[in-house]
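Please open the structure in your viewer and keep the selection tool ready. Each stop below states what to select next and then describes what is there.

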Amino acid sequence: MDDQPKNVKELLVELKDASELMVDLAYAAVFFNEEKLASEVGRLEERMNDQVRRLRIMAMLAARSPEDAEAMAGVLWIADAIENIGDAASDIARVVSASLGIPDVLRPDLRHADEMTARVKVREQAPAGGRTLRELSLPTETGMWVMAIRSGIDWEFDPGPDDVVSSGDVLLVRGPEEGVNLVRVLAGAPELPPAPPDDAPALSELDRAVDLLVEMKDLSEATVGLAYSSLLFNNRSLAAEVGALEARSDTLLDELQSWVLRAAPEARNPDDLRGLLRLGSASEYVCDAARDMTWYVEHGEPLHPVVQMALEETEETSAETVVQPGSPAAGRTLKELRVETETGMFVLAVQRGSRWIYRPRSGFTLREGDRLISVGPEEGEELLLELCGVPAVVEG
């Protein structure tokens with residue numbers, strides 16, 4: 001692909017993919033206290049700002065009538081919301097780049113949110129060595145996505161399917177916890193031992209603050225995914241759900257600020273708590289931007305066709321499917337089905353009647369008639385449809 005997108009659609013594709021990568025890298029920078037990852041978020045933000053400026057120019061040049069201008073206004077509205085997501089990701093990364101501080105003992109809790117972020121080093125003679133990401137097909141084989149590859153001191157961010165994994169490389173991956181050991185096996189690394197039984201003492205004030213922050217992180221990522229899905233499917237119900245989640249994020253931020261203030265006396269260094277407040281505020285801002293993105297859909301306003309065309313061409317695909325009677329998915333939990341590791345698809349939300357369940361946990365049992373909104377690799381959509389008993393479309 002050329003370094004410079006040639007039209008509005010290509011710019012929207014890059015902006016959407018970049019915004020999601022920025023959020024992932026920003027949280028990873030905090031998890032691992034990795035300044036290089038934080039710096040990349042800043043570089044991506046500069047690139048995004050330039051792309052939004054170019055998109056505005058293209059949109060103005062393309063508007064040859066009041067009708068054209070009105071249609072392009074929606075494109076610009078969405079681009080502004082995507083830019084705001086990038087700004088929020090940059091704020092998250094500043095926890096590291098500006099040394100705002102976060103208690104080190106809390107990092108493992110943050111890393112083990114709904115999806116796990118992990119680093120894996122590729123050993124000599126590893127099965128993954130010398131193979132491209134396309135050949136490894138990690139999303140469908142393990143449920144994990146490769147966000148970056150470090151070779152020596154150099155990072156390759158958002159690697160493509162033709163990038164080759166070599167011995168000595170360090171993979172930065174994200175996905176379900178059960179997928180981490182699958183990647184470690186491919187990398188020739190020993191499997192991680194099972195987590196010890198949870199006999200933790202009663203939660204301290206600081207623990208409660210971190211629990212709230214983990215929920216806000218999960219909420220912000222779910223809100224962005226649902227916002228993009230609502231645009232792709234032009235679905236007002238999904239847009240309304242984004243609004244409900246954004247309202248929930250406001251409540252969580254209020255609770256987080258209260259808990260952090262209560263936790264100050266027990267913190268070894270109260271200055272470290274500044275990072276928690278920054279993370280909470282930035283996560284809430286991500287939700288605000290996602291809500292803004294859905295305004296046109298929520299209000300039943302028409303969107304320019306270029307928006308849907310762009311979303312259909314991004315690196316991840318959104319899929320919606322209904323669990324059919326007698327299908328393999330009916331009556332089984334997401335953990336039993338191993339949805340992410342078997343298909344590479346991540347279930348963002350499930351609609352059951354008029355109720356939505358966002359980011360359902362592994363113990364969630366699917367029922368006949370449940371409607372799933374998922375994201376993942378294109379090849380994973382067919383596998384998910386098969387699990388849900390949806391007949392394959394015969395072409396020709």
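**First stop: the largest cavity**

Four helices each supply at least two residues of the lining of the largest cavity: helix H1 (8–32), helix H3 (66–97), helix H8 (205–233) and helix H12 (305–312). Helices (H or I, at least four residues) and strands (E, at least two) are DSSP runs, numbered from the N terminus. The model is predicted, so local features need pLDDT of at least 70 and side-chain atom pairs count only at pLDDT 80 or more, while totals for chains, interfaces and linings use all residues. Residues are numbered from 1 along each chain as its sequence is written, and side-chain values use heavy atoms, with hydrogens and water left out.

Select Leu12, Val13, Lys16, Ile78, Ile82, Tyr228, Leu231, Val307, Ala310, Leu311 and Thr314, which line this cavity. On a 1 Å grid over the protein atoms alone, a cavity is a set of points where a 1.4 Å probe fits but cannot get out, and lining residues have an atom within 4 Å of a point. The lining comprises nine nonpolar residues, one polar and one charged. Here Ala, Val, Leu, Ile, Met, Phe, Trp, Tyr, Cys and Pro count as nonpolar, Asp, Glu, Lys and Arg as charged, and the others, Gly among them, as polar. The largest cavity holds about 60 Å³ of space, and the count of cavities of 30 Å³ or more comes to four. Grid points are joined across faces, edges and corners, and a volume is the space filled by probe spheres set on the points.

**Second stop: Ala69**

Remain with helix H3 and select Ala69, which is found there. Is Ala69 buried or exposed, or does it count as partly exposed? Ala69 counts as partly exposed because its relative accessibility is 37%; buried means under 20% relative accessible area, exposed over 50%, and partly exposed in between (1.4 Å probe, protein chains only).

Next, select the open sheet of four strands in the order S7-S10-S8-S9, where the pairing is antiparallel. Strand S7 (317–322) and S9 are the edge strands, each pairing on one side only. From one strand to the next, the twist averages 20°; axes are lines fitted to C-alpha atoms, and angles run from 0 to 180 degrees between N-to-C directions.

Now select strand S8 (residues 346–352), in which seven of seven residues are buried. Two strands pair if DSSP finds at least two bridges between them. S8 pairs with strand S10 (residues 371–376) over five antiparallel bridges, and Ala349 has Ile373 as its bridge partner in S10. Four bridges join S8 to strand S9 (residues 355–358), also in the antiparallel sense. Gln351 has Trp356 as its bridge partner in S9, and Val350 stands opposite Ile357. In the hairpin of S8 and S9, with two residues between the strands, select Gly353, which takes a positive phi near 65°.

Move to the open sheet of four strands with the order S1-S6-S3-S4 and antiparallel pairing. Its edge strands are strand S1 (116–121) and strand S4 (154–157). S1 and strand S6 (residues 170–175) are joined by six bridges, with Val170 in S6 as the bridge partner of Lys121.

**Last stop: two cysteines**

Finally, select Cys287, which counts as buried because its relative accessibility is 0%. Cys388, with a relative accessible area of 1%, is buried too. The structure holds zero disulfides, a disulfide being a pair of cysteine sulfur atoms within 2.5 Å.

Notes: 1 Å grid on protein atoms, 1.4 Å probe; cavity = no way out; pocket = protein on both sides within 12 Å on 5 of 7 lines; lining within 4 Å.
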